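Take a walk through this chain, from its overall make-up to a handful of individual residues. Keep the structure in view as you read.

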Amino acid sequence: MLLLVSAASSGQRIQLDPVSLQLSSANEASYRCMLQMKCIRAMHFEAELRNENDEVLCSSGAVSLRDDDWVCLSTMETAAGDLHKLLSCMRDCPGGWTFCFDVKERPDGTAVLTHVRVVRSGAGPEIVETAEAETVSAVSHSPAADVVDCTEPEERHPVHRNLLRLFHQPQQQMLDPNFWRQLVGDATQFLSIGNFWSGNEEHREMDLAASLRDINFTGFCRVQMPFNALQELAVAMERLQQNGFPPVFVFVFDQPWQMLHELFQPVATLLGKSPDEMHMSLSVFAWALQCGVSEQAGSNFGRAHRDKSYDDSHTDGRVGMLTTWIPLTPVGPEDGCMHVVPSAFDELFDSSDPKHLRPETPETPETHGEALSCKAGEVLIWKANLIHWGASCTSTRPRRSMATAFVTEDVKAFKALASVMRHELPEDLETRLRIIVKSLLQYKSWYPNFQGLDFVGTLEKS
């Protein structure tokens, strides 16, 4: 088969020579083109696959970075503080073909089309031409020497490769709501999929004066929320874990998204904004601690850290990014509660010192860390540059919790986040699955050996 790739932006057009592709036994192939283009948002490209008779098997049609189905897979900050984003989108074609485009977006106004991937679902043996995917370089195209290739190295952990495959092509059984209902059993009595409730439009009035005072003085606060189904979600996390799925897969259900929908109002109040001006990060995550277990997906993030720097989360001295942490169960010090360093005890809280983003090295966390016990549904909210960490569990009632962040458009962090507004919260199962897998990849530094992801073994056999 021949793959034809072309791209255009701001009057510049590049047509690569046709390249030969062979599908692997998994019916997929990847072409690393590293095609640099100018003017990110005006960039268009197209891919076409032809057979040996020059007949078109499938075509992606025109793909633009203005399209709304791009997902940010990762970000990388250079030594100079510039942010590079790795974006991905998919185009389904007739005949079971799917194109996947990976683009590196750079802060200088250029973009690099790094890879074009081809996948065919439900292909018969006649499509499989070789047992290994072949990566072919275009003969006539030599990428510019200054192209920053921030894609992952070719030698990935096997689980990493399978997660990427799951992101690009979710398994059919995982798109069936009954699959998840059966996994969590009787915990589904109050949990739903595909029946998203967008929240109480009356917007309960909340007295946040004390919370506003606390977050301005200490960098964090508490807000008790009237959430439903907390215990059911906690049980669902345990059942998912027992079946080899990390607890973040609880986000396939409607209820976590309903809870996040309700948080737009209080977070917006704390930031002095309207809920309709807020953006929520899609880097959602969930934890279900186990006594004596660490470095596993769903275990505590035990090193002191900041979610973002002061410069990235503030504009003109005003905070524009808050992290929200939701305990589904009561949490005390022995259960793995959160610890924070109040801003008054953090000498580098608003500093641009290189040590600002390495708070695990100084003595500050050990000296001034404060354990925050919480009731179920008592949401902890902190400024993104606040030092914090999650304790491990030594009790028989380990914590269950979820978290994400909210951001305004006027801070640097907004540009590096994949985010949605309140009316854009995902309702379909496929989008939720991609968000979950993206989060598992994003936070992999906390579980470098990919422990707690036993379900991935089933992907290798399917």
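What follows moves from the whole chain to its aromatic pairs, its cysteines and a few selected sites.

This is a predicted model. The chain has 462 residues, and 56% of them are buried. Its secondary structure comes to ten helices and 23 strands. The accessible surface is about 20400 Å², with 47% of that belonging to carbon and sulfur atoms. Contacts reach across the sequence. Among those between residues at least 6 apart, 76% join residues at least 24 apart.

Start with the aromatic rings. The structure holds 18 aromatic pairs. One of them joins Phe245 and Phe455. The two rings are stacked, 4.7 Å centre to centre, with 15° between the planes. Where do the partners sit? Phe245 is in the loop between helix 4 (230-242) and helix 5 (254-271). Phe455 is in the loop between helix 9 (429-442) and helix 10 (456-461). The pair therefore ties together parts that are 210 residues apart in sequence. Both partners are buried: Phe245 has a relative accessible area of 5%, and Phe455 is at 2%.

Phe455 also pairs with Phe249. Here the geometry is edge-to-face: 5.1 Å centre to centre and 75° between the planes. Phe249 lies in the loop between helix 4 and helix 5, so this pair ties together parts 206 residues apart in sequence. Phe249 is buried, at 0% relative accessibility.

Now turn to another aromatic group. Phe285, Trp287, Phe301, Tyr443, Trp446 and Tyr447 form one cluster. The charged end of Arg303 sits over the Trp446 ring, 4.3 Å from its centre.

The cysteines come next. How many disulfides does a search of the whole structure find? The count is zero. Cys89 is buried, at 2% relative accessibility. Cys291 is in no disulfide either. The nearest cysteine sulfur to Cys291 is that of Cys393, 5.0 Å away.

Pro398 lies in the loop between strand 21 (388-390) and strand 22 (400-407). Pro398 is buried, with a relative accessible area of 15%. Setting aside residues up to four places away in sequence, Pro398 touches Leu289, Gln290, Thr329, Asp335 and Cys393. The C-alpha atoms of Pro398 and Gly332 are 9.2 Å apart in space, across 66 residues of sequence.

Move on to Glu378. This residue is in strand 20 (residues 378-383). Is Glu378 buried or exposed? Glu378 is buried, with a relative accessible area of 14%. Its side chain reaches the backbone nitrogen of Lys375 at 2.9 Å. Beyond its neighbours within four places in sequence, Glu378 is in contact with Arg222, Val223, Gln224, Trp325, Pro327 and Ser373.

Trp97 gives a view of another strand. Trp97 is found in strand 10 (residues 97-105). Trp97 is buried, with a relative accessible area of 4%. What surrounds Trp97? Leaving aside neighbours within four places in sequence, its contacts include Met1, Leu23, Leu49, Leu57 and Cys58. Arg91, Asp92, Val118, Val119 and Arg120 are also among them. Trp97 and Ser60 are 37 residues apart in sequence, with C-alpha atoms 9.5 Å apart in space.

Finish with the backbone. Two residues other than glycine have a positive phi to look at. Asp54 has phi near 65°. Asp54 is found in the loop between strand 5 (44-50) and strand 6 (56-59). Asp54 is partly exposed, at 48% relative accessibility. Ala229 also has phi near 65°. Ala229 is buried, at 14% relative accessibility.

Methods
Residues are numbered from 1 along each chain as its sequence is written. This is a predicted model: local features need pLDDT of at least 70, side-chain atom pairs count only at pLDDT 80 or more; totals for chains, interfaces and linings use all residues. Side-chain values use heavy atoms; hydrogens and water are left out. Rings of Phe, Tyr and Trp (its six-membered ring) pair if their centres lie within 6.5 Å; planes under 30 degrees apart count as stacked, over 60 as edge-to-face and the rest as tilted. Helices (H or I, at least four residues) and strands (E, at least two) are DSSP runs, numbered from the N terminus. Buried means under 20% relative accessible area, exposed over 50%, partly exposed in between (1.4 Å probe, protein chains only). A charge sits over a ring if NZ of Lys or CZ of Arg is within 6 Å of the ring centre and within 35 degrees of the ring normal. A disulfide is a pair of cysteine sulfur atoms within 2.5 Å. A polar contact is a pair of N or O atoms within 3.5 Å; within protein, one must be able to donate a hydrogen and the other to accept it, and residues adjacent in sequence count only if both atoms are side-chain atoms. Contact means heavy atoms within 4.5 Å. Accessible areas come from the Shrake-Rupley method with a 1.4 Å probe; for residues, only the protein chains shown count as cover.
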